[in-house]
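Colleague: I have not seen this structure before. Please take me through it in questions and answers.

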Amino acid sequence: MTRTVLTYGLLLGATLVALKMIEYSYFSFRLSLDIYLGIIAIAFLGIGIYAGLKFRKKAIPPSDTVEAKIDEEIIKELGLSKREMEVLQQIAEGHSNQEIADRLFVSLNTIKTHINNIYTKLDVKRRTQAVSKAKSLKIIQ
């Protein structure tokens with residue numbers, strides 16, 4: 001902690017000295033105000049980039065690591081098709097049957113059939129039960 005405070009203190013002191021030197025050169029050599037402001041803007045840009053790189057949050061993991069958490073073995077054991085998994089994911093996202101049908105470019109009756117198949121394979125009676133069981137089985141996120 002002390003080292004960090006000391007480092008930033010020295011950095012701010014060096015910045016103050018640099019700004020005073022620029023101010024002196026402005027008054028001594030009559031640099032134009034545009035040049036003076038440009039130098040200060042570049043200095044603050046550099047500080048901003050440094051702070052942004054130093055303090056930014058960690059990146060989100062790639063999507064393939066998220067998909068690795070899904071248990072493919074259980075999906076095969078339950079006999080869920082790829083399309084049924086897509087419908088189940090849409091249900092988990094909170095979409096209605098009509099919205100799912102529109103997103104997957106199929107009829108409403110097809111979606112109802114897929115949902116009934118999902119209910120049978122997961123041994124549930126409601127959407128919320130299906131989502132809860134699928135999450136506990138780790139077949140959806």
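This is a predicted model: local features need pLDDT of at least 70, side-chain atom pairs count only at pLDDT 80 or more; totals for chains, interfaces and linings use all residues.

Modeller: Glu86 is partly exposed, with a relative accessible area of 30%.

Colleague: Which helix holds Glu86?

Modeller: Glu86 has a relative accessible area of 30% and counts as partly exposed, because that class lies between the cut-offs of 20% and 50%. Its C-alpha atom is separated by 8.5 Å from that of Leu104, a residue 18 positions apart along the chain. Glu86 itself sits at residues 82-92, in helix H5.

Colleague: What share of the 141 residues is buried?

Modeller: The protein exposes about 10,700 Å², and carbon and sulfur atoms supply 62% of that area. A residue counts as buried under 20% relative accessible area. By that cut-off, the buried share of the 141 residues is 22%.

Colleague: What arc do the buried residues of H7 cover around the axis?

Modeller: The buried residues in H7 are Ile111, His114, Ile115, Ile118, Tyr119 and Leu122. They lie on the same side of H7, because the arc they cover around the axis is only 140°.

Colleague: Which exposed residues does the face of H7 turned away from its buried side carry?

Modeller: The buried residues of H7 pack against helix H4 (72-78), H5, H6 and H8. The face turned away from that buried side carries the exposed residues Asn109 and Thr120.

Colleague: How far does H7 reach from its first C-alpha to its last?

Modeller: H7 has 15 residues, and at 1.5 Å a residue the expected span is 21 Å. The reach in the model is close to that value, at 21 Å.

Colleague: Which residue just after H7 takes a positive phi?

Modeller: Most residues other than glycine have a negative phi. Just after H7, a positive phi of about 60° is taken by Asp123.

Colleague: Is Phe105 buried or exposed?

Modeller: Phe105 lies in the loop between helix H6 (97-104) and helix H7 (108-122), and has a positive phi of about 60° although it is not a glycine. Its relative accessible area is 76%, so Phe105 is exposed.

Colleague: What is the relative accessible area of Lys138?

Modeller: Lys138 lies in the segment after helix H8 (127-136), and has a positive phi of about 60° without being a glycine. Lys138 is exposed, with a relative accessible area of 54%.

Note on methods: Residues are numbered from 1 along each chain as its sequence is written. Side-chain values use heavy atoms; hydrogens and water are left out. Helices (H or I, at least four residues) and strands (E, at least two) are DSSP runs, numbered from the N terminus. Buried means under 20% relative accessible area, exposed over 50%, partly exposed in between (1.4 Å probe, protein chains only). Accessible areas come from the Shrake-Rupley method with a 1.4 Å probe; for residues, only the protein chains shown count as cover. The expected span of a helix is 1.5 Å times one less than its number of residues. The arc is that of the directions from the helix axis to the C-beta atoms. Contact means heavy atoms within 4.5 Å.
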